[in-house]
Amino acid sequence: MVVDALVDRELRGSFLMDHLPRVRVRQSGDDWAVADLLRALTVLVDECLKHALWRRQQDCDDARLRLPVDWWAPHAPEPSTLLRWLRGHHPAGDGPVRILHPDPPLGTAEREVLNEAAALAGIGKGVEALTLLELTARGGEHAGE
């Protein structure tokens, strides 16, 4: 989660925080706006709960046996997180590395960059980053049925 407390401006953003929720916190006199701080805390708690729920789904034996997934990513994958994950894992199988992540789905450009990063890392079979809904919508063996 990003708490944006900029008063004036920032000349550049961070590509490492593209998939993180962002909350603006404004100044109120000499202090910070209490309502903004409370909203930031609420979003932080929501993110912690979503992360815990996602981990619980990942740890569920039934889910792992039914879904053909290499990596249960707690957030939408980015090149830096993909490369960090690949460093510690050697995906098996002939198909692409299948990554399951929470909503929202990735766009075409984001998917292309992940495939480029995978190719540079020596994963020639590519990457398939899907949300649970996208994987389920495929039906059949891809949804674990």
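1. Start with Lys 50. It counts as exposed, because its relative accessibility is 52% (exposed is over 50% relative accessible area, buried under 20%, partly exposed in between, with a 1.4 Å probe and protein chains only). Glu 47 is buried, at 15%. The two form a salt bridge, with their closest N and O atoms 2.7 Å apart (a side-chain nitrogen of Lys or Arg within 4 Å of a carboxyl oxygen of Asp or Glu). Both sit in helix α1, residues 34-59, 3 residues apart, about one turn of the helix.

2. A note on the source. This is a predicted model: local features need pLDDT of at least 70, side-chain atom pairs count only at pLDDT 80 or more, and totals for chains, interfaces and linings use all residues. Residues are numbered from 1 along each chain as its sequence is written, and side-chain values use heavy atoms, leaving out hydrogens and water.

3. How many salt bridges does the structure hold? There are 5. Side chains of opposite charge can pair when their charged atoms come close.

4. Another of these pairs is Glu 128 with Arg 98, at 2.8 Å from N to O. Glu 128 is in strand β7 (residues 127-130) and Arg 98 in strand β6 (residues 97-100), so the bridge ties together parts 30 residues apart in sequence. Helices (H or I, at least four residues) and strands (E, at least two) are DSSP runs, numbered from the N terminus. Both Glu 128 and Arg 98 are buried.

5. Now look at Arg 111 and Glu 134. Their side chains meet in a salt bridge of 2.9 Å, N to O. The pair links distant parts of the chain, 23 residues apart: Arg 111 is in helix α4 (residues 108-120) and Glu 134 in helix α5 (residues 132-138). Arg 111 is partly exposed, at 24% relative accessible area. Glu 134 is partly exposed too, at 23%.

6. Next, the surface. Val 34, Leu 38, Leu 41 and Leu 44 make a nonpolar patch of about 380 Å². Patch residues have over 30% relative accessible area and no salt bridge; nonpolar side chains (Val, Leu, Ile, Met, Phe, Trp, Tyr) are joined within 5 Å, like charges within 9 Å. Areas come from the Shrake-Rupley method with a 1.4 Å probe, and for residues only the protein chains shown count as cover. Leu 44 lies in helix α1. Leu 44 is partly exposed, with a relative accessible area of 39%.
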